[in-house]
Amino acid sequence: MAEATPALRKPVFTKVNELRPGTNGHSLNVKVVSTKMVMQRGGGGGGRPSGPQARQMRIAECLVGDETGIIIFTARNDQVDLMKEGKVVALRNAKIDMYKGSMRLAVDRWGRVEVAEEPTDMTVKEDNNLSLIEYELVNVEA
């Protein structure tokens, strides 16, 4: 019996306006509109590094979008360096996190953030901000 190796699938790219709460596994090409550092700690201090806490921790909130809308992307550590204003980046295996009732896009360790292969000149639709839509958690009785 021959072993079948799973064929690599080409990613199906999603548009920003198709994102929904609680979903994951998204691949998107988005343009970085703005980046704001929200947390930076650790690394390069004068003290002695001790244990795993010595690692630098950086978090930035980046407004990213495409021709259908914009959303806040939470960039962590090395991802922050790629999120330069005006750059087009490819997000692989991105997920939607909920923060105070609104959607945030994030890529955890199972995904990738990379500069897009085709540096397209993307026009971003800035008047459709999905992070401004507030969602309410509704419990459905079974």
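Hi everyone, let's start with a pairing: β1 and β4 run antiparallel to each other over six bridges. Strands here are DSSP runs of E with at least two residues, numbered from the N terminus, and two of them pair if DSSP finds at least two bridges between them.

A quick word on what we are looking at. This is a predicted model, where local features need pLDDT of at least 70 and side-chain atom pairs count only at pLDDT 80 or more, while totals for chains, interfaces and linings use all residues. Residues are numbered from 1 along each chain as its sequence is written, and side-chain values use heavy atoms, with hydrogens and water left out.

Back to β4. Which other strands does it pair with? With β6 (residues 112-115) it forms four antiparallel bridges, and Ala 90 stands opposite Glu 114 there. With β5 it forms five, again antiparallel, and Asp 97 has Arg 104 as its bridge partner in β5.

The hairpin of β4 and β5 has two residues between the strands, and Lys 100 takes a positive phi near 50° in it. Lys 100 is exposed, at 69% relative accessibility; exposed means over 50% relative accessible area, buried under 20%, and partly exposed in between, with a 1.4 Å probe and protein chains only. Asn 93, within β4, also has a positive phi, about 55°, without being a glycine. Asn 93 is partly exposed, at 33%. For background, most residues other than glycine have a negative phi.

Now the inside. The largest nonpolar core has 22 residues, and Leu 19, Val 64 and Phe 73 are among those with the most contacts inside it. Such a core is a set of buried Ala, Val, Leu, Ile, Met, Phe, Trp, Tyr and Cys residues joined through side-chain atoms within 4.5 Å. β4 gives the most to this core, four residues.

Last stop: the second largest pocket, with a volume of about 160 Å³. A pocket is an open set of points on a 1 Å grid over the protein atoms alone, where a 1.4 Å probe fits, with protein on both sides within 12 Å along at least five of seven lines; lining residues have an atom within 4 Å of a point. The volume is the space filled by probe spheres set on the points, which are joined across faces, edges and corners. Which strand gives the largest share of the lining? That is β4, with three residues. Asp 97 and Arg 104 are among the lining residues.
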